[in-house]
Amino acid sequence: MTTLLYLIPVALFLGALGLSGFVWALRSGQYEDLDGAAERILIDRDDKRGR
């Protein structure tokens, strides 16, 4: 029973940490262009940089 006294606050802290990280990602614009990176790989560039 005493382990629950330690585990519950730790679980709440980790949940709040994950939620705050998700909110930070939303506010900083990490999810603005979801299709851009997926379509960028299909673009064929003719320039031969580094080859």
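Me: How many aromatic pairs does a search of the whole structure find?
Reply: The model is predicted, so local features need pLDDT of at least 70 and side-chain atom pairs count only at pLDDT 80 or more, while totals for chains, interfaces and linings use all residues. Residues are numbered from 1 along each chain as its sequence is written, and side-chain values use heavy atoms, leaving out hydrogens and water. Rings of Phe, Tyr and Trp (its six-membered ring) pair if their centres lie within 6.5 Å. The search of the whole structure finds one aromatic pair.

Me: Is the pair of Phe22 and Tyr31 stacked, edge-to-face or tilted?
Reply: A pair of aromatic rings is described by the distance of the centres and the angle of the planes. Planes under 30 degrees apart count as stacked, over 60 as edge-to-face and the rest as tilted. The centres of the Phe22 and Tyr31 rings are 6.1 Å apart and the planes are at 50 degrees, so the pair is tilted.

Me: Is Tyr31 buried, partly exposed or exposed?
Reply: Buried means under 20% relative accessible area, exposed means over 50%, and partly exposed is in between (1.4 Å probe, protein chains only). Phe22 has 41% relative accessibility and counts as partly exposed. Tyr31 has a relative accessible area of 43%, so Tyr31 is partly exposed.

Me: What is the area of the nonpolar surface patch that includes Leu26?
Reply: Leu26 lies in helix H1 and is partly exposed at 44% relative accessibility. A patch takes residues with over 30% relative accessible area and no salt bridge, and joins nonpolar side chains (Val, Leu, Ile, Met, Phe, Trp, Tyr) within 5 Å and like charges within 9 Å. A salt bridge is a side-chain nitrogen of Lys or Arg within 4 Å of a carboxyl oxygen of Asp or Glu. Leu19, Phe22, Val23, Leu26, Tyr31 and Leu34 make this patch, of about 580 Å².

Me: Which residues gather in a patch of negative charge on the surface?
Reply: Asp and Glu count as negative. Asp35 is in the loop between helix H1 (2-27) and helix H2 (36-40), where helices are DSSP runs (H or I) of at least four residues. Asp35 is exposed, with a relative accessible area of 52%. The patch gathers Glu32, Asp33, Asp35 and Glu39.

Notes. Areas by Shrake-Rupley, 256 points an atom, 1.4 Å probe, with all protein chains shown as cover. Charge placed at Lys NZ, Arg CZ, Asp CG, Glu CD. Helix = DSSP H or I, 4+ residues; strand = E, 2+ residues; numbered from the N terminus.
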